[in-house]
Amino acid sequence: MLVSLLVNSAVLLLLGAVFYAAPSPQLSPRSVPFGVRVPPGRADAPEVHQERRRYRALLLPAIAVLTAVSLGLGALTDSALVGSVAALALCGVAAVLWFRAHQALTRAKEEGDWYRDLRQGAAMDTSLRTDPVRMPWLWVVPSLLVFAVSATAGAFAYPELPDTLLLPERSPSGTVHREFATTFWSAFSLVLVQLAVTLTMVGTVAAVLRARADVDASRPRASAAEYRRRLSLIARSLLGVGALINVMLLGLSAMMWTGSRSGALLAVVVGVPTVLALAGAAYPFLPMARGAATAGGEEDTGLVTRDDDRFWRGAGTVYLNADDPAVLVPKRVGMGWTVNLANRRFLAVCAVLLVLGAAAGVVLALG
């Protein structure tokens, strides 16, 4: 019961801290508070500060109430499901408050005509095509080494494995160990997942390196230089996260091959790589890593980044622009990139994946 209470409270408090900090200029682009594009001169407008204060003032009581309810019900039921339901409820509350702030700032921008008499423009860093940030292949090596160690260890362990294997899984009542018949596919299932994780991370980094740059039209050289530096950090970070996930999968494979049911060992095998992976994923977006632009002293061009709110839906979370050739574009909520859901190439890939998935389902059903 104590474990369930600690897990429930930790999840809610961590999630609450993330939602509380989400409107901060350190975690979301300064020029798009609550997903609304505003001129640089309005980024610190009273309306923006008012919506941040109101969002947080309403969010804090929701975090406190849901945490108290989760702890109370968790003590009565001794179920991890309570924390999951409370976390979903907190996500819903944060989404509603975010949407309300988004609507309020949209009205303020339209009523105040914030873009009146401003010269709007867009800037691009064409050097990302002629001299792109290179794939850091050395950072792929750790993932491949962990995969090789896992495959080798599995090859030695496979002949001595018992008839059934135990694999830990999360359930509403806690961690359970499910039995699987020992076959090549079950014994090496997590090793194959390691390979999939490595390929996915390499593919993701390749896509990110070709994503549309986030360049400020008022200071194009400085913002482009900073974008390239941060892009290199993110590429290494993603590949490092992939290696940590593979380490976790190696530990789970070892537990499965040895039949270990140790809860403490499972917590270490899953917890340590997860914490390190979260820290590695967050580091490129922290102020200490983002740093200052490297092209100092650049004169303001007199332009402001074009108001493109018409292409964004879902309070600045969904991008739809069929005329934009970019598949990945800078996010408005949080740091990183999001998918252009109207891009024809993206839609074609999704259609192919759906067809392949449906075909695989039919084959499995008939078999």
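Q: Where should I put Tyr227 and Trp337: buried or exposed?
A: Keep in mind that this is a predicted model. A residue counts as buried when its relative accessible area is under 20%. Tyr227 is buried, and Trp337 is buried too.

Q: How do I describe two rings as a pair?
A: You describe a pair of aromatic rings by the distance of the centres and the angle of the planes. Counted that way, there are ten aromatic pairs here. Take Tyr227 and Trp337: their ring centres are 6.3 Å apart and their planes sit at 80 degrees, so this pair is edge-to-face. The pair also links distant parts of the chain, since Tyr227 is in helix α8 and Trp337 is in strand β8 (residues 337–339), 110 residues apart.

Q: Which residues form an aromatic cluster?
A: One cluster is made of Tyr158, Phe184, Trp185, Phe188 and Trp257.

Q: How many helices and strands does the chain have?
A: Look for eleven helices and eight strands. Of the chain's 367 residues, 40% count as buried. If you take the contacts with a separation of 6 or more, 71% of them are between residues 24 or more positions apart.

Q: Which residues of α5 are buried?
A: First the general idea: an α-helix has 3.6 residues a turn, so residues three or four places apart point the same way. Now the case here: Ser143, Val146, Ser150 and Gly154 are buried in α5. These residues cover an arc of only 70 degrees around the axis, which puts them on the same side of α5.

Q: And what covers the buried residues of α5?
A: The cover includes α7 (189–209) and α8 (220–258). On the face turned away from the buried side, α5 carries the exposed residues Leu145 and Phe156.

Q: What about a residue in between, such as Ala151?
A: Ala151 is found in helix α5. Its relative accessible area is 26%, so Ala151 is partly exposed. Leaving out residues up to four places away in sequence, Ala151 touches Phe188 and Val191. The C-alpha atoms of Ala151 and Val191 are separated by 6.4 Å, though the two residues are 40 residues apart along the chain.

Q: Where is Ala315, and what is its phi?
A: Ala315 is in the loop between β5 (312–313) and β6 (318–319). Ala315 has a positive phi of about 55 degrees and is not a glycine. Its relative accessible area is 8%, so Ala315 is buried.

Q: Last one: how much accessible surface does the chain have?
A: It comes to about 19900 Å², and 68% of that belongs to carbon and sulfur atoms.

Conventions: Residues are numbered from 1 along each chain as its sequence is written. This is a predicted model: local features need pLDDT of at least 70, side-chain atom pairs count only at pLDDT 80 or more; totals for chains, interfaces and linings use all residues. Side-chain values use heavy atoms; hydrogens and water are left out. Buried means under 20% relative accessible area, exposed over 50%, partly exposed in between (1.4 Å probe, protein chains only). Helices (H or I, at least four residues) and strands (E, at least two) are DSSP runs, numbered from the N terminus. The arc is that of the directions from the helix axis to the C-beta atoms. Contact means heavy atoms within 4.5 Å. Accessible areas come from the Shrake-Rupley method with a 1.4 Å probe; for residues, only the protein chains shown count as cover. Rings of Phe, Tyr and Trp (its six-membered ring) pair if their centres lie within 6.5 Å; planes under 30 degrees apart count as stacked, over 60 as edge-to-face and the rest as tilted.
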